[in-house]
Amino acid sequence: NEQIIAASKKHPIVPLDEGKAYKYGTAGFRMRADFLEGVSFRVGLLSALRSRKLNSQAIGVMITASHNPAADNGIKIVDPMGEMLEQEWEAYSTKLVNCSTDQELADTYTALAEQFKIDLSSPAKVVYGRDTRPSGHTLVGALADALDATGTKYVDYKILTTPQLHYLVRCTNTENTPLSYGEISEAGYYKKLSEAFIRALAGSKVQGTLTVDCANGVGGPKLSEFLKYVPQDVCPFDVKVVNDAVHRPEVLNLDSGADFVKTKQRAPPSPAPVLDARCCSFDGDADRLIYYYTDSKTGFFMLDGDRIATLAASFIGDLVRAAGLQEELRTGVVQTAYANGASTQYIEEHLRLPVVCTSTGVKHLHHAACNFDIGVYFEANGHGTVVFSPDALRAFKEKEPQSPAQKEALDSLAALGDLINQTVGDALSDMLMVEVILAHKAWTLKEWSTTYSDLPNRLVRVEVGNKDLFQATDAERRLSHPPGAQDEIDEAVKKYTKGRSFARASGTENACRVYAEAATRVEADELANKVAAIVR
Ligand code: 16G
Ligand code: ZN
């Protein structure tokens, strides 16, 4: 305890304004970086406890603020299989971070250890990485001091994308087991992906050039590194990496990246859009992906998370049938209330697959997707992946094919199982999946975009005094509080053809968000404004 107190003095916590507390939110602790040094130290203490609680398995810590401005940063804890921290422990980390003195911190740490019967002399391990933000350097220093003070072994993987860190955590904890996930190194990640990419293409050729906007974040250098692992003679893959100025931290996420494209509904101004070019954007830590193109007649067209989900579900659904596994394996799609109603209808009626709706936040979607043998999940904002159950992966490898076509389908499914990051949404891995599917179907983005037509929709951010007054149920599709609000919303929605609208409190800022869709642009806007007025 002396050691913890002495080390903590070097990384004091910044007191917040009266009545405010730090909170482990949807994406961990996230705010202006100057507040986070003490937080990072305390997250180190918590990760050490969590590792010891889970039989010395490695815990991951990722330092990133994703698509937020360069001056922000954030800290997230990753559980042993590469999944998000268990929810109950979010509360313990919030508790530890909000201790007001070093003594209270040390006492709370000891109390948690006692509560969970943790042997503080057993081994513990933490692995961590950070994005390209300059503040990350100080934050990992504070983290390492906490790990030293608690006798925890650690590996500093330096600069990584968020999904790479998730990958490394899973590899570390499955080494030399039947669940082994890959070589425990950044190079191992590239090798696994490039090898699976070639296998999944199975001779199909990627057409034309793909332009990848990397938001001037960590995805740029990592994508360039990955490309060195793709032998151009075997597998021609023409990628133009743009917005990769990581040496200029002030331009991170500036007028670029997946969040910019999704919220502004337009291509990044730089480089100047090229007509009909196949483009995609990563976000600042490369866990979100959005595709788009600009047509000479119809202008900008975006293929967001909903489109990626439908593309993946349609392709994988066909493969499962071709492999004769449709009776054995349950395939389904998980969305949030933000998914365009047209995409949901397309999946249910055209692809004939079940759709589950969950609350916003990757942990909710991921969890629900794991209830299927093949679970496709994407948020409309471009974060998502496809998860395969152990039964599914076994079937791909062990089922005896009865025909060459069936063998081909089984091999493709096995390759996708290796290509698609099983731990979390991964822009690089998802991009390779999309490229594989487009290559197999010989589709351009235009052909992909004609599978269904989106309902016009509008998202409004509403400033409210206290967003906690707004409580939602039914996967955030209905308000239970304040009383009466939902009845008013229902009244408004009834008046519109194909109308759908909901309001929910943001999990990341003090505001409410209103989403509305309807048969026409004018109606969607009108409905959004009406519901915003009800909430305001
Ligand atoms: C976080 C979530 C993201 C979600 C967003 C919603 C993770 C890793 N990230 O960024 O999935 O879409 O919050 O923000 O879970 P909101 O609650 O402010 O609308
Ligand atoms: Zn991100």
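Good morning, colleagues. The structure is a predicted model, in which local features need pLDDT of at least 70, side-chain atom pairs count only at pLDDT 80 or more, and totals for chains, interfaces and linings use all residues. Residues are numbered from 1 along each chain as its sequence is written, while chains are lettered from A and ligands numbered from 1 in the order in which they are written.

I begin with the overall layout. The domain assignment gives domain 1 (2–159), domain 2 (188–301), domain 3 (305–449) and domain 4 (457–535); such bounds come from an automatic or database domain assignment. Taken over C-alpha atoms, the centres of domain 1 and domain 4 are separated by 35 Å.

Next, the annotated site. An unreviewed UniProt entry places the feature "binding site" at Ser 66, Asp 283, Asp 285 and Asp 287. These residues are spread over 222 residues of sequence, yet they cluster in space, with a largest C-alpha distance of 8.1 Å. UniProt positions are given here in the numbering of this model, feature names are shortened, and annotations may be inferred rather than shown by experiment.

Where does Ser 66 lie? Ser 66 is in the loop between β2 (58–63) and β3 (72–78); strands are DSSP runs (E, at least two residues), numbered from the N terminus. Ser 66 is buried, because 27 other C-beta atoms lie within 10 Å. Here, buried means 20 or more such atoms within 10 Å, exposed 12 or fewer, and partly exposed in between, with C-beta atoms placed from the backbone. Asp 283, in the loop between β8 (278–282) and β9, is also buried, with 32 other C-beta atoms within 10 Å. Leaving aside neighbours within four places in sequence, Ser 66 is in contact with Ala 27, Asp 283, Gly 284 and Asp 285, contact meaning C-beta atoms, placed from the backbone, within 7 Å.

I turn to ligand 1. Of the 13 residues around ligand 1, Thr 26, Val 362, Ser 506, Gly 507 and Thr 508 come nearest; a residue counts as near if its C-beta atom, placed from the backbone, lies within 6 Å. Ligand 1 lies between domain 3 and domain 4, because both give residues to its shell.

Finally, Asp 295 is in strand β9 (residues 289–295). Asp 295 is partly exposed, with 13 other C-beta atoms within 10 Å. The C-alpha atoms of Asp 295 and Leu 275, 20 residues apart along the chain, are separated by 5.7 Å. Thank you.

Key: Helix = DSSP H or I, 4+ residues; strand = E, 2+ residues; numbered from the N terminus. Contact = placed C-beta atoms within 7 Å.
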